[in-house]
Amino acid sequence: MLAFLAMFEPGDRIAIASPGYPPYRNVLTALGCEPVPIEVTAATRFAIDPGTLRAVHRGQPLKGLLVASPANPTGTMMTADALAALVRAAEGEGIAVISDEIYHGLDYAFPAQTALNVSANAVVINSFSKYFCMTGWRIGWMVVPETLIRPIERLQQNLAISVPTLSQVAAEAAFDGCDEMEAVKHGYEVNRRILMEGLPRVGFDRFLPVDGAFYLYADVSRFCGDSLDFARRMLEETGVAATPGADFDPVHGRRFIRFCYAGAAADVGEAVERLGAWLKNG
Ligand SMILES: Cc1ncc(COP(=O)(O)O)c(C=O)c1O
């Protein structure tokens, strides 16, 4: 919200990936900006590519671009080269870049890259919610170019004054807990392997590359016409919860569900077995 308020004006167009994190779309809309969803596919490893960005910008100018790698809901990541090419293409066209790096640290396929490796003007968003497991503490941070520091400070002082003191103290202490965080990350890696090997075995054999964060985005269109109904039935009949894709992608989301594997390995294993039995019995 602070980045959007400081960087954009009502009417500005901001490119976002679809599927993507729904609050981007909702918050931009609430602020009077226009989110411009760009459909991502296997052809570009589920990331916005420079050619498409330029084509959209030529059609009607963009003011901003939001990237997230690892991404929610797909769990896919951009390679260092793909991220560098996209950030350079955007800035070459005068499009401001926001990089949501909230899932950094939770990368399994290859190391996540920060947009700051490519540009000192990129605005980076991060949080203690994911790698540091502090979701409820409501604390995060931004890296912004010098010129945005005062405008953002002024907005923050007016919107919330400050993050609660307790959260600030706890977040500082969290930097000393990295061994514990790495153990948690190792648990996610175990869960990821259980899903990547187990889901195809029981019939869920179409999903996007499981690169990072703690999500697996599966195409369930061969089982159902609407993933919202499918997820509801799955929850009622097996006790396994997954998020239907409609909110992440208003166009194709009803073909997908998002599994989250930030749980205990025994539960993830049991979920796979229950799904197998469920699919077998129709
Ligand atoms: C991509 C992405 N950005 C931002 C957030 C917001 O996180 P928080 O408000 O907990 O820092 C989330 C939470 O799921 C997310 O997935």
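Where is the place of Ile 161? In this predicted model, whose residues are numbered from 1 along each chain as its sequence is written, Ile 161 is found in the loop between helix 5 (146–159) and helix 6 (165–174). Helices (H or I, at least four residues) and strands (E, at least two) are DSSP runs, numbered from the N terminus. Local features need pLDDT of at least 70 and side-chain atom pairs count only at pLDDT 80 or more, while totals for chains, interfaces and linings use all residues; side-chain values use heavy atoms, with hydrogens and water left out.

Ile 161 has a positive phi near 60 degrees and is a residue other than glycine. With a relative accessible area of 68%, Ile 161 is exposed (buried means under 20% relative accessible area, exposed over 50%, and partly exposed in between, with a 1.4 Å probe and protein chains only). Arg 138, which is not a glycine, also has a positive phi, of about 55 degrees. Arg 138 lies in the loop between strand 5 and strand 6 (140–143) and counts as exposed at 57% relative accessibility. Two peptide bonds are cis. One joins Ser 69 and Pro 70, with omega about 0 degrees; the other runs from Asn 72 to Pro 73, with omega near 15 degrees. Pro 70 is placed in the loop between strand 3 (64–68) and helix 4 (80–92), and Pro 73 is in the loop between strand 3 and helix 4. Most residues other than glycine have a negative phi, and most peptide bonds are trans.

The ligand sits in the largest pocket. On a 1 Å grid over the protein atoms alone, a pocket is an open set of points with protein on both sides within 12 Å along at least five of seven lines, whereas a cavity is a set of points where a 1.4 Å probe fits but cannot get out; lining residues have an atom within 4 Å of a point. A molecule sits in a pocket or cavity if more than half of its atoms lie within 2 Å of its grid points. The residues around the ligand include Asn 72, Asp 100, Ser 127, Lys 130 and Arg 138 (a residue is near a molecule if one of its heavy atoms lies within 4 Å of it). Tyr 21, Tyr 24, Ile 102, Tyr 103 and Ser 129 are also among them.

A ligand nitrogen is 2.6 Å from an N or O atom in the side chain of Asp 100. A ligand oxygen is 2.7 Å from an N or O atom in the side chain of Ser 127, and a ligand oxygen is 2.7 Å from an N or O atom in the side chain of Lys 130. Of the 400 Å² of accessible area that the ligand has on its own, the protein covers 80% (Shrake-Rupley method, 1.4 Å probe; for residues, only the protein chains shown count as cover).

Ser 127 belongs to strand 5 (residues 123–127) and is buried, at a relative accessible area of 10%. A polar atom of the Ser 127 side chain lies 2.9 Å from the backbone nitrogen of Ser 129. A polar contact is a pair of N or O atoms within 3.5 Å; within protein, one must be able to donate a hydrogen and the other to accept it, and residues adjacent in sequence count only if both atoms are side-chain atoms. Not counting residues up to four places away in sequence, Ser 127 touches Ile 102, Phe 132, Ile 139, Gly 140 and Trp 141, contact being heavy atoms within 4.5 Å.

Ser 99 is located in strand 4 (residues 96–100) and counts as buried at 4% relative accessibility. Its side chain makes a polar contact of 2.8 Å with the side chain of Glu 101. Beyond neighbours within four places in sequence, Ser 99 is in contact with Val 67, Ala 115, Val 123, Val 124 and Ile 125. Ala 68, in strand 3, is partly exposed with a relative accessible area of 23%. With residues up to four places away not counted, Ala 68 touches Tyr 24 and Asp 100.

Cys 33 lies in the loop between helix 2 (22–30) and strand 2 (34–39) and is buried, with a relative accessible area of 8%.
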